[in-house]
Amino acid sequence: MKLTRGERIFEAANAALLTLVSLTMLYPLLYVLGLSLSAQDEVAAPRLLLMPLHPTLSSYAKIFAHPQLFDAYLMTIERTVLGLAAVLLLTSLTAYPLSRKTFPDRSFIMKLFVFSMLFNGGIIPTYLLIKNLGMLDTIWALVLPGAVTAFNLVVIRNFFESIPGEIMESARMDGAGEWRIFFRIVLPLSRPVLAVIALWTGVSHWNAWFDAMIYMQDTKHQVLQLFLRRTVIEASLSLTPGEEMNMARVTYTPETLKAATVMVVSAPILLIYPFVQRFFVKGILLGSVKG
Amino acid sequence: MARGDAELSGGHGYMQRQSAIRLRWRAYATHKQLVFMFLPGFLVFVLFSYVPLYGILIAFKHYQLLDGVWRSPWAGLEHFRRLFAGHAFNQALRNTTIIAVLKTLLTFPAPVILALLLNEIRFVRFRRMVQTVTYLPHFFSWVILAGILFSFLGSDGGFNKLLGLFGVEARVWLIEPAYFYAIVVITHIWQTIGWGSIVYFAALASVDPTLYEAAIADGASRWRRVWHISLPSIMPTVIIMFLLSIGHFLSVGFDQIYNLMTPPTSSVGEILDTYVLRRLLTMDYELGMASSLFNSGIGLVLVVIANRLVKLFDKEQGLW
């Protein structure tokens, strides 16, 4: 196709603009990467705009030697694995009966789920509930509250409903019970939707920090995101408003070390990102939430 | 149906109701296996989504920890009166509204524009690259993004060094109230522009290509094609997304604000959500619950309105 002069200018300007937008969006991240590889005395140098002249891994060596980092990594892995298992198992088990037209009261139950998306008690009663259940400082406080949510349930149930009924009917004729049909037929056929839900849930557990901040008081149970928050953000401010004065926590952290912490916490996301991006895009178009 | 029958038949009502219950019971009994599958997840859901609703009563009680919610004495609307008279709450309400308006006006159009521009790129590989880069911030938590920003916008940070090339004086940007809203809006665009564009980009992919061919035959320029074909074609999607966004107008992004806020910026940064959190941390449950209920009550009304408007616009759409 031959382009007119006007079109060529349009295309060049458009490409230039999008390149500029992309670079602007990427630059803060690249800057932090460069910072994490710098020696502390190079930070103040006005030259350091991207990569240091003499890259060093010394900040990474320091951060990996930090005893809390290891605990925090373990805690985050633990909550992500348990959280994933809970979401996938409980939500799909609950969604399956609701996908069956003969299940009693199913439209009323679906309304209960949809309403929970519109209105909830907020953090104060939820905190008091978790406290009364004796779940403070246990992994269950991070795993159970999000195990069955309306959004995931509706997406999974809609997928189950789209499975042709004849497949299950013929299995029933062969004498298969509901559990068998569920595990042998429904779940294997639902792999695409379960993969999307698993990725969503995995990333959100990896990134979660608020629940851990209010439910886990012991620093041994600190998740990775909070470790980052404490070493980077709170150290930058000395204090966050409303939180108690705790001078022991306000220690001086060099900029390079903060940058290395950011990289260490986001590394797993960066590593899986190129592979999962496609799934997420598919997921967003699949997730039309209707009761 | 069964209940309606029972009410209609007057004198036999009791018997009918009994048999309706028995019918319902039998319906569950015949699905025993399904009921067992359903219950564990459903109970977890009810426990964490419905049991806390009971705690809303705290907003109307003089809550005594030892007595529990129910046995604590009633307070009527006293906490709400205190709430609306309080400076901190009114400040939070004002800040929330300002941020909500700014985000609606400035963040909302950004992904639409990005999708339109991306759609004009003919080199698929370049387009994919731009998409990969712009989606990325969506995958990071606000703790990570704020960590990056505190480094980047700090006194020795990259932003100051860039500005230094043009002779602009270095500042610690995040501790100055005057820049707080600008940073909030720009970084919000940073996080959401790529991800938000997916919906519009998908809508653009379904535009009938003959429309463009006809326009080319008529000698329409590229710009006119974007303006007169692409934009009107995705307008229904844009309108629906806009109406839906009214539903969470007051949720201005707790994660973002909380992680970007510093003591010097708290006067412009405190929002309703952070106000509730502070009440929780200081164990001032009654005031926090009153604020939280005010917030979710308005939220509910807005969602219902948004859903109505969406349905008026397109009967097929809407949340329920």
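Biologist: In which helix is Pro209(B) found?

Modeller: Pro209(B) is found in helix H12 of chain B, residues 209–217. Helices here are DSSP runs of H or I with at least four residues, strands are runs of E with at least two, and both are numbered from the N terminus. The model is a predicted one, in which local features need pLDDT of at least 70 and side-chain atom pairs count only at pLDDT 80 or more, while totals for chains, interfaces and linings use all residues. Residues are numbered from 1 along each chain as its sequence is written, and chains are lettered from A and ligands numbered from 1 in the order in which they are written.

Biologist: Why does Pro209(B) count as exposed?

Modeller: A residue is exposed if 12 or fewer other C-beta atoms, placed from the backbone, lie within 10 Å of its own, buried if 20 or more do, and partly exposed in between. Pro209(B) has 7 C-beta neighbours inside 10 Å, and therefore counts as exposed.

Biologist: Why is Asp105(A) called partly exposed, and where is its place?

Modeller: Asp105(A) has 13 other C-beta atoms within 10 Å, so it is partly exposed. Its place is in the loop between helix H3 (67–98) and helix H4 (106–118) of chain A. Asp105(A) also has a positive phi of about 60 degrees although it is not a glycine.

Biologist: What makes Met283(B) exposed?

Modeller: Met283(B) has 10 other C-beta atoms within 10 Å, and is therefore exposed. Met283(B) lies in the loop between H16 and H17 of chain B, and it has a positive phi of about 60 degrees without being a glycine.

Biologist: Why are H13(B) and H17(B) called roughly antiparallel?

Modeller: The axes of H13(B) (residues 222–247) and H17(B) (residues 285–313) cross at roughly 160 degrees and come within 7 Å. Axes are lines fitted to C-alpha atoms, for helices over the stretch in contact, and angles run from 0 to 180 degrees between N-to-C directions. Angles under 35 degrees count as roughly parallel, over 145 as roughly antiparallel, 65 to 115 as roughly perpendicular and the rest as oblique. H13(B) and H17(B) are therefore roughly antiparallel to each other.

Biologist: How many residues of each class does the contact of H13(B) with H17(B) have?

Modeller: The contact of H13(B) with H17(B) has 12 nonpolar, one polar and no charged residues. Ala, Val, Leu, Ile, Met, Phe, Trp, Tyr, Cys and Pro count as nonpolar, Asp, Glu, Lys and Arg as charged, and the others, Gly among them, as polar.

Biologist: What makes H5(A) mostly covered?

Modeller: In H5(A), residues 123–132 of chain A, seven of the 10 residues are buried. Among them are Ile124(A), Tyr127(A) and Leu128(A). What covers the buried residues of H5(A) includes H6 and H11 of chain A together with H16 and H17 of chain B.

Biologist: Which residues of chain B does Ile124(A) touch?

Modeller: Not counting residues up to four places away in sequence, Ile124(A) touches residues including Ile58(B), Leu280(B) and Met289(B). Two residues are in contact if their C-beta atoms, placed from the backbone, lie within 7 Å.

Biologist: How many residues does each chain give to the contact of chain A with chain B?

Modeller: Chain B gives 75 residues and chain A gives 79 residues. On the side of chain B that touches chain A, 49 residues are nonpolar, 20 polar and six charged.
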